[in-house]
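Here is a short briefing on one protein chain. Look at the fold first, then at the aromatic rings.

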Amino acid sequence: FEVMDDVSKGGDIFIQNAQMRLEIDASTGLLKSITSADNLQVIPLEIKFGGYKTLLKRSGAYLFESDGPERAIFENDAASHIVIVKGPIASYITVVYGSLLFHTVRLLKTQTHLDNAIFIVNHLSIEQRHSNVEMFMRIKTSIDNGQEFFTDLNGFQWMRRQRTSKLKVEGNYYPITNSIFIQDKNLRATLVTNHAQGATSANSGEFEVMLDK
């Protein structure tokens, strides 16, 4: 494996399997795009992190009410380390943002259907300066889904959702048991989670999932 301590030079990092190649921004350690192995199509797919500051005494474990627009959670945190591991079974990249976030993107090389997925693992440590911030992970794509997105209902079926611009972000958040997806005539992007979370599509081509409340 390789450890990058100086991640300020920019450039790109690549990991791949038989199905796809992932392009990672070397300055942030976050995903930028996917290249399909069968037709070499480059698909923009960016991962971003952010947060919503919440109203005191009106947002908590069971309630969510934002106080203004979203905010950057890395204002005072830069990517300090990027660990790159490439092997015969899997390849992955882990980026460390101080004590706040450990973010890993992994590709498997099993010669099974699992090789068609990108595995993402986030470890968060909510500190005092982020105690009133609802943190999320956003995935930005080139999919033209307009205001439409789909969330699962107890893992049995999907429900079509329509984003309403008259409501604040919390009014467009929905609970998901295991998945959310957006699509157009050409592509579909699906996020599958391992536990129940809140999710939404705040803008066309994007969807996000709440990481911690």
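What percentage of the 213 residues of the protein chain count as buried? The share is 43%, where buried means under 20% relative accessible area with a 1.4 Å probe, protein chains only. This is a predicted model: local features need pLDDT of at least 70, side-chain atom pairs count only at pLDDT 80 or more, and totals for chains, interfaces and linings use all residues. Residues are numbered from 1 along each chain as its sequence is written, and side-chain values use heavy atoms, without hydrogens and water.

**Fold**
- The protein chain has zero helices and 18 strands (DSSP runs: helices H or I, at least four residues; strands E, at least two; numbered from the N terminus).
- Along its principal axes, the C-alpha trace spans about 50 × 40 × 25 Å.
- Take contacts (heavy atoms within 4.5 Å) between residues at least 6 apart in sequence: 49% join residues at least 24 apart.

**Aromatic rings**
- The whole structure holds six aromatic pairs (Phe, Tyr and Trp rings, the six-membered one for Trp, with centres within 6.5 Å; planes under 30 degrees apart are stacked, over 60 edge-to-face, the rest tilted).
- Phe 64 and Tyr 173 have ring centres 5.6 Å apart and planes at 90 degrees, so this pair is edge-to-face.
- Phe 64 sits in the loop between strands 5 (42-54) and 6 (66-71), and Tyr 173 in the loop between strands 13 (157-162) and 14 (174-176), so the pair ties together parts 109 residues apart in sequence.
- Both Phe 64 and Tyr 173 are buried.
- Tyr 52, Phe 64, Phe 136 and Tyr 173 form one aromatic cluster.

Notes
Buried < 20%, exposed > 50% of the residue type's maximum accessible area, 1.4 Å probe, protein only.
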